[in-house]
Amino acid sequence: MARDAELARSSGWPWRWLRALLLLQLLRWRCALCALPFTSSRHPGFADLLSEQRLLEVQDLTLSLLQGGGLGPLSLLPPDLPDLEPECRELLMDFANSSAELTACMVRSARPVRLCQTCYPLFQQVAIKMDNISRNVGNTSEGPRCGGSLLTADRMQIVLMVSEFFNSTWQEANCANCLTNNGEDLSNNTEDFLSLFNKTLACFEHNLQGHAYSLLPPKNYSEVCRNCKEAYKNLSLLYSQMQKLNGLENKAEPETHLCIDVEDAMNITRKLWSRTFNCSVTCSDTVSVVAVSVFILFLPVVFYLSSFLHSEQKKRKLILPKRLKSSTSFANIQENAT
C-alpha cells in the first residue's frame, strides 16, 4: 500500500502537465473555432460540421482523462475523494431494492389496511439487508468498512433515516401483534380473525344480491341482519378475546392496540353493521343486567326505609316545673272567685 501511494505521488506531476496541456489545447480549439471564416468558405456547412466534430472529440478526450480513464491505470482524481468499494456498493444496492419493494407494498396496502399481513416478508428482507450493512465493518485493516461509509459518513445519514422510518411505521402499526414471535408468519389468532372477517363480508355481499345497494337510507337490510347475525357475533367475540389477551400480555402498556390490520377490519365491519345496515345484536344477558340494575337502584331506598322502621322515635314531652303549676292553679282560683 505504501509503495503504491509513493508511486502515485511520484507519477502525479506528468499527469498534471498532461491535464494542463489538454485544457490548453481545448481553449486553442475554441479560439480557432471562433476565428474561422465560415461565411467566406466555399462550403460553410462542411467547415462548420468539421470544426464542431473536432471540438467534441477534444472535449470527450479531455473529460475522459480528467475522470481517470483512457491513458493509464492511475486516476487523476484526488486520492481522498470518497468512493465505495464494490462490496459496499452491492450492499447499498441490495438495501435500495428491498426498500423500494417495501415502500411500494406499504402504499398499495394503505386502504383498506393490509400492511402487516401483506408486507411482513418484505420488512424482514429490509431488516436483513440493514443488518448486513451494520455488521460489515471490515474484519481486517485492509477490508472495506461498509457500515461507516454507508451509515455515518455524512450529516444526512440517508440509509439510517430510511431504516428508522420503516421501523417506526412498523411499530406504530403494531404489526408484531399480528405475527409470531420470530415475525416470519401470521399468528393463529390473526389468521382466524381474518378468516371470520372474510366470511362476514361474504355473507353481507351474498344477502345484498338482488337489491339495489345504496348507502343512503331508507333501505331494508333485514335479510342481512338476520342471516349474518351469527357471523358478526363470532367476529366480535374473537376480537374481544384478542383485546383481552393483548391486555394481559401488555399490562405495563395499557394503551397498546392490536395490529392495524385487525383494528381496521373490525372498524369496517362495525360501520357496515351499525350505520349502513342499521342492524343490532340482542344481548342474551339482558334480563340479568336489568335485574341487577334495578336492585342497585333500589338499594338506597331499602336502606333508608329500614333505618326509619328500626329506629326508635322518641317524642319529646313538655314537663312543667312545680312552681309554675302552683302559680297557674292559684291564678285559676282567683279568676273563679271573681
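User: In which helix of this predicted model is Ser 99 found, and is Ser 99 buried or exposed?
Analyst: In this predicted model, Ser 99 is found in helix 4. Buried means under 20% relative accessible area. The relative accessibility of Ser 99 is 8%, so Ser 99 counts as buried.

User: How are helix 4 and helix 5 oriented to each other, parallel or antiparallel?
Analyst: The axes of helix 4 (residues 86–108) and helix 5 (residues 115–135) come within 9 Å and cross at roughly 165 degrees. An angle over 145 degrees counts as roughly antiparallel. The crossing of the two helices is left-handed. Helix 4 and helix 5 are therefore roughly antiparallel.

User: What is the make-up by class of the contact of helix 4 with helix 5?
Analyst: By class, the contact has 12 nonpolar, five polar and three charged residues.

User: How many residues apart in sequence are the parts tied together by the disulfide of Cys 88 and Cys 146?
Analyst: The sulfur atoms of Cys 88 and Cys 146 are 2.0 Å apart and form a disulfide. The torsion about the S-S bond is about -85 degrees, so this disulfide is left-handed. Cys 88 lies in helix 4 and Cys 146 in helix 6 (residues 146–151), so the pair ties together parts whose separation in sequence is 58 residues.

User: Where does Cys 175, the partner of Cys 116, lie?
Analyst: Cys 116 and Cys 175 form a disulfide, with their sulfur atoms 2.0 Å apart. At -70 degrees about the S-S bond, the link is left-handed. The pair joins parts of the chain 59 residues apart: Cys 116 is in helix 5, and Cys 175 is in the loop between helix 7 (158–172) and helix 8 (188–208).

User: Are Cys 178 and Cys 259 buried or exposed?
Analyst: Cys 178 and Cys 259 form a disulfide in which the sulfur atoms are 1.5 Å apart. Cys 178 lies in the loop between helix 7 and helix 8 and Cys 259 in the loop between helix 10 (229–249) and helix 11 (260–276), so the pair ties together parts that are 81 residues apart in sequence. Both cysteines are buried.

User: What is the pairing of the bonded cysteines in sequence order?
Analyst: A disulfide is a covalent bond between the sulfur atoms of two cysteines. The structure holds six disulfides. With the bonded cysteines numbered in sequence order, the pairing is 1-5, 2-4, 3-6, 7-11, 8-10, 9-12.

User: How are helix 8 and helix 11 oriented to each other, parallel or antiparallel?
Analyst: Helix 8 and helix 11 pack with their axes 11 Å apart and at an angle of about 25 degrees. The contact, made by residues including Phe 193, Phe 197, Met 266 and Trp 273, has nine nonpolar, three polar and no charged residues. Angles under 35 degrees count as roughly parallel. Helix 8 and helix 11 are therefore roughly parallel.

User: What is the phi of Asn 174, and where does Asn 174 lie?
Analyst: Most residues other than glycine have a negative phi. Asn 174 is not a glycine, yet its phi is positive, at about 55 degrees. Asn 174 is partly exposed, with a relative accessible area of 23%. Asn 174 lies in the loop between helix 7 and helix 8.

User: How many helices and strands does the protein chain have?
Analyst: Buried residues make up 25% of the 338 residues. From the N terminus on, the elements run α-α-α-α-α-α-α-α-α-α-α-α-α. The secondary structure comes to 13 helices and zero strands.

Terms used:
Residues are numbered from 1 along each chain as its sequence is written. This is a predicted model: local features need pLDDT of at least 70, side-chain atom pairs count only at pLDDT 80 or more; totals for chains, interfaces and linings use all residues. Side-chain values use heavy atoms; hydrogens and water are left out. Axes are lines fitted to C-alpha atoms, for helices over the stretch in contact, and angles run from 0 to 180 degrees between N-to-C directions. Helices (H or I, at least four residues) and strands (E, at least two) are DSSP runs, numbered from the N terminus. Angles under 35 degrees count as roughly parallel, over 145 as roughly antiparallel, 65 to 115 as roughly perpendicular and the rest as oblique. A crossing is left-handed if the near helix is turned anticlockwise from the far one by less than a right angle, and right-handed if clockwise. Ala, Val, Leu, Ile, Met, Phe, Trp, Tyr, Cys and Pro count as nonpolar, Asp, Glu, Lys and Arg as charged, and the others, Gly among them, as polar. Buried means under 20% relative accessible area, exposed over 50%, partly exposed in between (1.4 Å probe, protein chains only). A disulfide is a pair of cysteine sulfur atoms within 2.5 Å. Contact means heavy atoms within 4.5 Å.
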